[in-house]
Amino acid sequence: MLNIFNQTTLPALEQSAIFAQRRHNVLAGNMANIDTPGYQARDLSTEEFETALAEAIEATRNPSPGYNLGDAADVDPMDGPRRAMENLLYHDGSEINLERQVTEIAKNQNLHNTAIALMKSQFETLRVAISERV
Amino acid sequence: MNPVSLRIPAPQLPLAPAVPGAQPAEPGYKQFADLLIEGFQEVNATQNSANASVHDLLTGKDVDRIEVLTSVQKADMSFRLMQQIRNKLVEAYREINQMQI
């Protein structure tokens, strides 16, 4: 299927926003369990996600030589980042550092807000391109 | 605005007819079509670099958030300007097309 979004940054932005959302859930879970004895703090690896996303972007930019429209429907380049979101990291030691968690949540929220703001402007640009007269 | 800038006879104005292969009437004057194409290419380059900086930001490279946001907004603005110029051109074409001779 012809996808007008493939040439934009929208797929990457979408995955980043989803990643931020999931990471927020995990971090919020840590906060909720701050008094639970023996609880191990969990996290999602930003490095792993970023590496997977970089690979996915590279794959979209330079499709493999055997690339045809039939393959495009089957192989989603964003599968890598999606898989990277599923791996939970467990931190050693049961001590949850509240300040660290709060900092991580704030950073994560910052990423989420940036991704949403960029997404909004990308959609607006596409809308202008489609509607001819604005 | 500087009044002098208004009086510049605009060397980019289309003085030569836009016949394919025709040479510009005077050296230093550009074909209108070339001017447009140059502008489009510039808009395209701005958008490509904005997209690249967004990707850099998302993949954790060391880029300033504010730089990314401004470059995206600049690309958006130049695209809108291009769109409005195109609208004006199409409008002018329609007007000329409907003119009674």
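**Helix packing within chain A and against chain B**

In the predicted model, helix α5(A) meets helix α3(B) through A:N110, A:L111, A:T114, A:L118, A:S121, A:E124, A:T125, A:V128 and A:A129 on the one side and B:R65, B:V68, B:L69, B:V72, B:Q73, B:D76, B:F79, B:R80 and B:Q83 on the other. Helix α3 of chain B spans residues 65-97, and its axis comes within 10 Å of that of α5(A), with a crossing angle of roughly 10 degrees. Angles under 35 degrees count as roughly parallel, and α5(A) and α3(B) are therefore described as roughly parallel to each other.

A further contact between the chains involves helix α1(A) and helix α2 of chain B, the latter formed by residues 32-58. Here the axes lie 10 Å apart and the packing angle is about 25 degrees; the two helices are therefore also roughly parallel to each other. Their crossing is left-handed. On the chain A side, A:A12, A:L13 and A:S16 of α1(A) take part, and these meet B:V54, B:H55 and B:L58 of α2(B). Four of the residues in this contact are nonpolar and two are polar, with no charged residues.

Taken over the whole interface, 24 residues of chain A are in contact with 23 residues of chain B. The two chains bury about 2,000 Å² between them, and carbon and sulfur atoms account for 58% of this area. Within chain B, the residues that lose the most area to chain A are B:H55, B:L58 and B:R65, which together contribute 29% of what that side buries. Of these, B:H55 and B:L58 belong to the contact of α2(B) with α1(A), whereas B:R65 belongs to the contact of α3(B) with α5(A).

The two chain A helices that take part in these contacts also pack against each other. Helix α1 of chain A (residues 10-32) and helix α5 of chain A (residues 98-131) have axes 9 Å apart and pack at an angle of about 155 degrees. This angle makes α1(A) roughly antiparallel to α5(A), and α1(A) passes α5(A) in a left-handed crossing. The residues of the contact between them divide into 18 nonpolar, eight polar and three charged.

For residues 20-40 of chain A, an unreviewed UniProt entry lists "domain: Flagellar basal body rod protein N-terminal". In the model, this span is 62% helix and 0% strand, and its end C-alpha atoms lie 21 Å apart.

Conventions: Residues numbered from 1 in each chain as written. Chains lettered and ligands numbered in written order. Predicted model: local features only at pLDDT ≥ 70, side-chain atom pairs only at ≥ 80, totals over all residues. Heavy atoms only, no water. UniProt positions renumbered as here; feature names shortened; annotations may be inferred. Helix = DSSP H or I, 4+ residues; strand = E, 2+ residues; numbered from the N terminus. Axes fitted to C-alpha atoms, helices over the stretch in contact; angles between N-to-C directions. Parallel < 35°, antiparallel > 145°, perpendicular 65-115°, else oblique. Left-handed = near helix turned anticlockwise from the far one by under 90°. Nonpolar A, V, L, I, M, F, W, Y, C, P; charged D, E, K, R; others polar. Contact = heavy atoms within 4.5 Å. Buried area = accessible area lost by both parts, 1.4 Å probe.
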